[in-house]
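Keep the 3D view open as you read.

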Amino acid sequence: MDQGQEHRVETPLGVLHVMVHGAGNVRRPAILTFHDVGMDSKSCFSTLFKFEEMQEIVKNFTVVHVDAPGQEDGAAIYPAGYQYATMDQISDMLPAVLQYFNFRTVIGVGVGAGAYILSKFTLSNPEAVEGLVLINVDTNARGWMDWAAQKLSNLTSSLTDQILSHLFSQEELSANTELIQTHRARLSKAPNLINIELFWKSYQGRRDLDIERNNTFKCPVMLVVGDQAPYEEAAVECNSKLDPTTTSFLKMADAGGMPQLTQPSKLTEAFKYFIQGMGYMASSCMTRLSRSRTTSLSSSYSMEGSRSRSRTLSQGSQGGQLPPSPSHTMEVSC
């Protein structure tokens, strides 16, 4: 397994910690990830990117995991009163990362705060992003109700509890699953908890991205959310504002708040279809995936024009079916 190379990238707005995996294939975009609040790239993405069936994808691309300032393992603690970067400023650091590694374009994969940051980056740098996978995205600023609830929560809940209820569904928290226990322990013992709180406050203060049909992404987008996730409504609303001909929306059953941790197999499958729809890895069949799994993804593809059809992608089939091209809307519940 490629352990990755560690880099510290100087940007005009501060230093970013970046891990790079894979040999640079310059003819293809790099896959660039950005994690959520209360996590770093490792805790957010290693389950997905080390997943066996994902290897077929990652061996074809350079994968770049970016950590928000001060969120990586072993980060220096910020002093009291430190002015942490806004969401907009963090997004403005990313062009320097592309420049540093000489990447012409990327496919962005973001979760929560990371999905917001990559959305902002894509709106500002449309030519640099070929595709976008947004998990638990909320492109809106917090409303007054959320603001008031947060004020109350600041008084009654620990920072760890606030962040856990941002990351996970109420069902998962009530059940106190092993995943919750692991992340609770990791957060409450985090030596850089001060830094985590600064990133959390920065996300709380995010601006509205004002996405609508005339101010939207110029690339294919896959929205992903768990059907019980805290950001389910926000993702549904975001989907309604995007161009249906280039957007696929994946609502995942039994995925809780973090589908990339709980359902890496289904997410890998969907990601592969997404990449194939963009014209990469088209010759790569899904047969190995197909044989190894028995569940089915029921998908309805509504196509432009008078023709419309629906079909079921069943992993029990012979596989190798190509996904819809980005000119079709794909809604998948799985």
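A residue counts as buried when its relative accessible area is under 20%, and as exposed when that area is over 50%. Keep in mind as we go that this is a predicted model.

Is Ser 119 buried or exposed? Its relative accessible area is 0%, so Ser 119 is buried. What surrounds it? Setting aside neighbours within four places in sequence, Ser 119 is in contact with Leu 132, Leu 134, Val 137, Leu 209 and Phe 217.

Now move to helix α6, residues 159-167. Here 7 of the 9 residues are buried, so the helix is largely enclosed by the rest of the structure. The buried residues of α6 are Leu 159, Thr 160, Gln 162, Ile 163, Leu 164, His 166 and Leu 167.

One partner of α6 is worth a look. Two packed helices are described by the angle between their axes and the distance between the axes. For α6 and helix α9 (residues 193-204), the axes come within 11 Å and cross at roughly 50°. An angle between 35 and 65 degrees is neither roughly parallel nor roughly perpendicular, which makes α6 oblique to α9. The crossing of these two helices is left-handed. On the α6 side, the contact is made by Leu 159, Gln 162, Ile 163 and His 166, while α9 brings Leu 193, Ile 196, Glu 197, Trp 200 and Tyr 203. Sorted by class, the contact of α6 with α9 has 6 nonpolar, 2 polar and 1 charged residues.

How many residues does the largest nonpolar core have? It has 93 residues, and those with the most contacts inside it are Ile 31, Phe 34, Val 66, Leu 94, Phe 199, Phe 271 and Ile 275. Helix α3, residues 87-101, gives the most to this core, with 7 residues. To see one of these residues at work in the packing, select Ile 31. Not counting residues up to four places away in sequence, Ile 31 touches Phe 49, Ile 57, Phe 61, Thr 62, Val 63, Val 64, Ile 107, Val 109, Phe 271 and Ile 275.

Finally, zoom out to the whole protein chain. It contains 13 helices and 11 strands, and 55% of its 334 residues count as buried. Among contacts between residues at least 6 apart in sequence, 75% join residues at least 24 apart.

Methods:
Residues numbered from 1 in each chain as written. Predicted model: local features only at pLDDT ≥ 70, side-chain atom pairs only at ≥ 80, totals over all residues. Heavy atoms only, no water. Axes fitted to C-alpha atoms, helices over the stretch in contact; angles between N-to-C directions. Helix = DSSP H or I, 4+ residues; strand = E, 2+ residues; numbered from the N terminus. Parallel < 35°, antiparallel > 145°, perpendicular 65-115°, else oblique. Left-handed = near helix turned anticlockwise from the far one by under 90°. Contact = heavy atoms within 4.5 Å. Nonpolar A, V, L, I, M, F, W, Y, C, P; charged D, E, K, R; others polar. Buried < 20%, exposed > 50% of the residue type's maximum accessible area, 1.4 Å probe, protein only. Core = buried A, V, L, I, M, F, W, Y, C linked by side-chain atoms within 4.5 Å.
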